[in-house]
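Please read this briefing alongside the sequence and the model.

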Amino acid sequence: MTIKQVNQKYKMISFVYLGMGTAFTSQIVIKDDSQQSEILNAQAALEKWLEDIDDIFSTYKENSEVSQYNRGEVDFLSMSEEMRFVYVSCAQASEATHHSFNAMLPSGYDPSGFVKGWAIEEGFNRYLRPLLDLNNVIGANLNGGGDMQMASKEESDWNFEIAVLDPFDKTKIIAELSMKKGAIATSGISERGSHIFGADKNILQTTVIGANLQEVDVWATALMVDFNTRMPNYLKAFEVNQQGSILEKEVVTNA
């Protein structure tokens, strides 16, 4: 846990938790040092939630429920509640994205493209968002590998300042956003390589902005496959291609 003064009015408490093959950073914006026990308890519960989700959905753990499903040891009727929710949500995401997003891969069932965004959003709503009911807490953000779900008190003057990095040079910023609430997800191949099945080789990175992370994360993955696929008009998106061009997605219709 670290605490730093971010401006004359507010401090920020930050926690880093390593799991699911990435780093999760919780940021809690506070007025003073009071009510820290409530914040610590919320963070501990969040970390336990993320650990439990990884135990269910990791494709790298032999005893995870996903691994059992791929071996034929679990079916839809015997799935856990969490597994069934993700299974149905991935099917719905595939339909919504015109099959640009797909958890059914040649190698087996892999819902990782949905699970991280959902786990961040759900964990945020369960454990960090309630902290806004405390008098001392102004805002909260959960960042997992650059995908974020955030909220601030409506009456506050706090906004989270978000930078989208250049995939060609991580020391450079290609977009800056000031967000009071909502979600942002970036998908690409510059850090993890070609991990998205069917990705367009000319697209290096996509970023999607909206209200809910599980949705924008799905669309960030889908747009890596087909940036021209129809997307809901309440979302915003842009891509960086191999030529270094930054192209904003034109949304002309609801998906």
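In H1, residues Ala42, Gln43, Ala45, Leu46, Trp49, Leu50, Ile53 and Phe57 meet Val115, Trp118, Ala119, Glu122, Gly123, Arg126, Tyr127 and Leu128 of H4, where contact means heavy atoms within 4.5 Å. By class, this contact of H1 with H4 has 12 nonpolar, two polar and two charged residues. This is a predicted model, in which local features need pLDDT of at least 70, side-chain atom pairs count only at pLDDT 80 or more, and totals for chains, interfaces and linings use all residues. Residues are numbered from 1 along each chain as its sequence is written, and side-chain values use heavy atoms, leaving out hydrogens and water.

**H1 and H4**
- The axes (lines fitted to C-alpha atoms, for helices over the stretch in contact, with angles from 0 to 180 degrees between N-to-C directions) of helix H1 (residues 36-57) and helix H4 (residues 112-128) come within 10 Å and cross at roughly 150°.
- H1 is therefore roughly antiparallel to H4 (angles over 145 degrees count as such).

**H4 and H5**
- H4 and H5 pack at an angle of about 155°, with their axes 8 Å apart.
- H4 is therefore roughly antiparallel to H5.
- Gly113, Phe114, Lys116, Gly117, Trp118, Ile120 and Glu121 in H4 meet Leu213, Gln214, Asp217, Val218 and Thr221 in H5.
- By class, the contact of H4 with H5 has five nonpolar, four polar and three charged residues.

Note on methods: Helix = DSSP H or I, 4+ residues; strand = E, 2+ residues; numbered from the N terminus. Parallel < 35°, antiparallel > 145°, perpendicular 65-115°, else oblique. Nonpolar A, V, L, I, M, F, W, Y, C, P; charged D, E, K, R; others polar.
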